[in-house]
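Biologist: Please show me the model. I would like to go through the chain and then the contact between the copies.

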Number of protein chains: 2
Amino acid sequence: MSIIVQKYGGTSIGTIEKISLVADKVIAERNKGNEVVVVVSAMSGETNKLLDLAKCIDTDISGRELDVLVSTGEQITISLLTLSLIKKGHKAVSLTGSQAGIITDSSYNKARIKSINNSYIKKYLNDGNIVVVAGFQGVTVSGDITTLGRGGSDTSAVAISVALDAKECQIYTDVDGVYTTDPRISPDAKKIDNITTEEMLELSSQGSKVLQPRAVEFAGKYDVGIRVLSSFEEGSGTLIKKENDEEMEKAIISGIAFNKDEAQLTIRGVPDQPGIASLILGPIAEHNIDVDMIVQNVGEDGLANFTFTVPRNDFKTAMKSLEESSKKLKAKKVIGDNKIVKISMVGVGMRTHAGIASKMFAVLADNKINISMISTSEIKISVVTGEENLEIAVNVLHKAFELDKAH
Amino acid sequence: MSIIVQKYGGTSIGTIEKISLVADKVIAERNKGNEVVVVVSAMSGETNKLLDLAKCIDTDISGRELDVLVSTGEQITISLLTLSLIKKGHKAVSLTGSQAGIITDSSYNKARIKSINNSYIKKYLNDGNIVVVAGFQGVTVSGDITTLGRGGSDTSAVAISVALDAKECQIYTDVDGVYTTDPRISPDAKKIDNITTEEMLELSSQGSKVLQPRAVEFAGKYDVGIRVLSSFEEGSGTLIKKENDEEMEKAIISGIAFNKDEAQLTIRGVPDQPGIASLILGPIAEHNIDVDMIVQNVGEDGLANFTFTVPRNDFKTAMKSLEESSKKLKAKKVIGDNKIVKISMVGVGMRTHAGIASKMFAVLADNKINISMISTSEIKISVVTGEENLEIAVNVLHKAFELDKAH
């Protein structure tokens, strides 16, 4: 018998009725002759309800006790789903993260899985049970409850799949798969049947919120296939697998992601000397602001222009910090723009196909779309442009690279 | 340093404001120089809310998964109380029943504590923490979550007190101590300062709902003092301690308890032969009905009359069963009365003072109160009378035995 791991998020199990539907899906998989381990999140809204309670005590809570509190959310869903499976006539048992042997480090609220002692899950599987495991949570070696941080249930599911050498890790969400781009922006967007973990990583970190990047990373590292499926519709979803030359049909471009949550800052006319980047970005980092894209170039006057992007929420703080640096560095000017969008084309085929970048720039230029920044990686090209260009840019690129064709 | 164990029930911690008040009480005890372990129940209403959820899946749930579900109630309170203690500037840590090493048997929903591995609690106490433990729950040796059944938090607190060799186990409730009788029935009722565990056992099983009988039994067995106190008022409460000739001032009668939750059934004119009692009570037991008082006597005709009491809820079922038995046994008549009350006088002094029973009957007779059943134990006399006599009977007995005097 093969082991299948299924993961259901909070919206998939937000009510007793939905829990019953999930139970039916689990049973269907079991009836195919597979052993099934189900990983669940808290019912949607439950975690926030618990956080609101805690915030009545202290507006700024964190640490060990917060994890004791919020981990009850999944504990409630594992018991309810298990009760539903039992009511429908199946042997089933629930396990908390601790009981399932999910050992993490002790970084409360954002712990990382160190290992999984699979003996407890295996014991119950061998006894013929469907095993329902609380996602998002674990335990330290000294027995303290931890949580993995938001979205950690995906990581739990992948880690359990690895620990059990599962055939497949099925992630059920409210979409029926990964798309070439956001269907709300481009009506031509098509569901992708197969995608490599590398491409998925670039897509998810670029704003496609279907899967937690950490979970994808984990799956790639240990070579587990993840299938993204809809909780509410039938279909084969999208299979995310480590690149494998023989098996996998390679698309040149897999998808187009975009991120509207950034702002762009530029400091002009700084002396081009070693260490200038750290003099500019050091004060930004001190404000705990993550910098994403960074571009530096030198003008004819021998002075450098330095441009970078930050989360849009941090725009004001970053601007203030940059203006202070500007005075110290005797720079010419500071410019900021928080109405930008980053558009990224992702695909493993870029490695072997030359001219993808130049074609992208040409398509954008033909459509009079101005680009303010460019950055590239092995399987990704990102450009920054004005927010108002988002829709047209995505659609012309989607068409030009034939993402609307059979995939 | 002495260790003090405090237990707070669901009404004492039903809101964030009340949790903050409890934190203040805990800190006050800590500031006296004691090490403090706090045992808490779920917030009032929380357990029922969880049960209601489960009942949407199955109206008749029980077993392992039910305990996984309801144990989240206390897990929420331990974290909230601990967060409150930390916010008020104290070192504190929460432990679930499992983390606190409370090992039980595997009778889910009504487990019994087998042992407590106190090393985890001690470790945290030694590190200077106030330790907050989830009551009502434990774990089997194989790691499954269990609950002790309703009111089990009292038992948790006493068991932890025993395991830590605590100086005192303080049970905080919504009353300020144990009373000579219910103040709602008798305005003369007085708070008792000291009472033996035996007396308390008789009082609590007779309807004084202040403490769980199992907790009192446990405390008596291991000689731990329990102090019942109010969560909302100041005062020294009632100390419940194993009888100790030297220390304890002995009252002849400690209190008067009553129980309106019973019904009385009589079968008249059954042949007085060996085994008749089991022929009558056997079918009752088969319906899972608990029988409380039993009285049998033989009339002049050589036929026996047999009377017993059952919980009022089971009255109809018991009557039906008894009528069937009556036919088989060729008895003369079956009579039932569900408007009765059992009144019990409790006191260790009865052992050494003759005439308590006859004085009790005389007082009742003087007040024209008819008695239908009598049963006695070493430290208790119980009588059954019509429900309408409750108030007058309790008040005249309370006065006659001077329970309104300094106690």
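This is a predicted model: local features need pLDDT of at least 70, side-chain atom pairs count only at pLDDT 80 or more; totals for chains, interfaces and linings use all residues.

Biologist: How many helices and strands does chain A have?

Modeller: Counting those runs from the N terminus settles it. Chain A has twelve helices and 20 strands.

Biologist: Why is chain A called as compact as a globular protein of its length?

Modeller: Take the 407 residues and apply the globule rule, which gives 22 Å. The C-alpha atoms fill a box of roughly 75 × 55 × 35 Å along the principal axes.

Biologist: What share of the residues in chain A is buried?

Modeller: A residue counts as buried with 20 or more other C-beta atoms within 10 Å of its own. Of the 407 residues in chain A, the buried share is 47%.

Biologist: Which element gives the most to the side of chain A that touches chain B?

Modeller: On each side, 24 residues are in contact. Helices H2 (46-57), H3 (64-70) and H4 (72-87) of chain A each give two or more residues. With eleven residues, the top contributor is H4(A).

Biologist: What kind of axis relates the two copies?

Modeller: Chain A superposes on chain B by a rotation of 180° with 0.1 Å of shift along the axis, at RMSD 0.1 Å. The copies are therefore related as by a two-fold rotation axis.

Biologist: Which C-alpha in chain A is nearest the axis?

Modeller: The distance is 2.6 Å. The residue is Thr72(A).

Conventions:
Residues are numbered from 1 along each chain as its sequence is written. Chains are lettered from A and ligands numbered from 1 in the order in which they are written. Two residues are in contact if their C-beta atoms, placed from the backbone, lie within 7 Å. Helices (H or I, at least four residues) and strands (E, at least two) are DSSP runs, numbered from the N terminus. The radius of gyration is taken over C-alpha atoms; the globule rule is 2.2 Å times the number of residues to the power 0.38. A residue is buried if 20 or more other C-beta atoms lie within 10 Å of its own, exposed if 12 or fewer, and partly exposed in between; C-beta atoms are placed from the backbone. Copies are superposed by least squares on the C-alpha atoms of residues with pLDDT of at least 70 in both.
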